[in-house]
Amino acid sequence: MSLRLLRLEDASALADLEDRNRSYLLTGAPAHGDDWATRAGQRAAIAQLLAQYDAGTCLPMAILLDDRLSEPGRIVGRITLNQILRGPAQWASVGYWIDEGESGRGVVTHALRQIIDVAFQGLGLHRLEASVVVGNDRSASVLRACGFQECGFAPRMLRLGIAGDGWADCRLFQLVDMREEADDPRGEVRPADPGAPDPAGVQIRAEVPAFEETLALYDAVGWDAYTEDPQTLGRALAGSTRVVTARQGERLLGIARVLSDGASIAYLQDVLVDPGSRHRGIGADLVRAALAPFAHLRQQVLLTDADASQRAFYESLGLREAHDHDPPLRAFVHLRR
């Protein structure tokens, strides 16, 4: 299972899925009238979601099942962070649905855990909310399995495919990033500007850290390719165009580094955060700070592993996989073992 950003060409697949599952789907008042289960209606809905994504208030992701490693995954549902609020709130609501024929396989649970990581680590949010129609115990169980706690009733929502006025009472669930709360009980927000101190004492700044603390951080995240050859790591840091760090006091929490010709391309080489300091938005802040001087360049590139959470994290920061570009691109690499 994997997640990726919704695309306009997903309209046909989503229209088929929503039409097949309309008897149990939840939605708000249909924004596109009777066209909600048509390709045109879906394209309009996706375009609206992508406009909200561009505005930073929404992150709409397709849920894919990778049936064959040699083929792209097929869409089986959708999971979305809605109403993303910045400022002191640092909050979003999460909504999801999946093809009923795929339920009971842990797909939604896996997708929800990935989007939680993106929300807390990638976007630096503090709290998520989700609403479940009274009687939908299966969805409530998924939320509980992912750490959500029930906290009362939510505003009523329109439920499709039922008799009467179509409105159903909903239970409200919340998930708070307890690690963030423990680090900063005031619940204040880390500033986005690189170099500005945040309320919890974390500072993002441009510097090449001392080699000993750098080696200890690479060792903490298990990057053996570097730690087994410390001299190469030292030369890599010295040869980087830009290195940024995250610190809490004098303690090194994270590093990101970039190589660039300064004119056409910037390559994001390493982004690493101490395991005990993850899910606080530090990784996202490091990426933004590392790439900030290269925002005007045509190409910003990186190579990372195939974990689905990596894809969701980097897409939340505006990057795309090469084959998802229009026209599609190919990336080639030769790794010496």
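This is a predicted model: local features need pLDDT of at least 70, side-chain atom pairs count only at pLDDT 80 or more; totals for chains, interfaces and linings use all residues.
Residues are numbered from 1 along each chain as its sequence is written, and side-chain values use heavy atoms, with hydrogens and water left out.

The protein chain has 10 helices and 12 strands; helices (H or I, at least four residues) and strands (E, at least two) are DSSP runs, numbered from the N terminus. Of its 337 residues, 44% count as buried, a term that denotes under 20% relative accessible area with a 1.4 Å probe and protein chains only. Among contacts in the protein chain with a separation of 6 or more, 62% are accounted for by residues 24 or more positions apart, where contact means heavy atoms within 4.5 Å.

Two packed helices are described by the angle between their axes and the distance between the axes. For helix α1 (residues 11–20) and helix α2 (residues 39–54), the axes come within 8 Å and cross at roughly 115°; axes are lines fitted to C-alpha atoms, for helices over the stretch in contact, and angles run from 0 to 180 degrees between N-to-C directions. Helix α1 is therefore roughly perpendicular to α2 (65 to 115 degrees).

An open sheet of 5 strands shows mixed pairing in the order β8-β9-β10-β11-β12, two strands being paired if DSSP finds at least two bridges between them. Its edge strands, β8 (202–206) and β12 (299–302), each pair on one side only. On average, neighbouring strands of this sheet are turned by 20° against each other, direction ignored. Strand β11 (residues 265–273) and β12 run parallel and are joined by 4 bridges; Leu-302 in β12 is the bridge partner of Leu-268. Helix α6 (residues 211–220) packs on the sheet and touches β9 (242–248), β10 (251–260) and β11, its direction making about 95° with that of β10.

Elsewhere, strand β3 (residues 74–85) contains Gln-83. Although Gln-83 is not a glycine, this residue has a positive phi of about 50°.

How values were computed: Angles under 35 degrees count as roughly parallel, over 145 as roughly antiparallel, 65 to 115 as roughly perpendicular and the rest as oblique. Buried means under 20% relative accessible area, exposed over 50%, partly exposed in between (1.4 Å probe, protein chains only).
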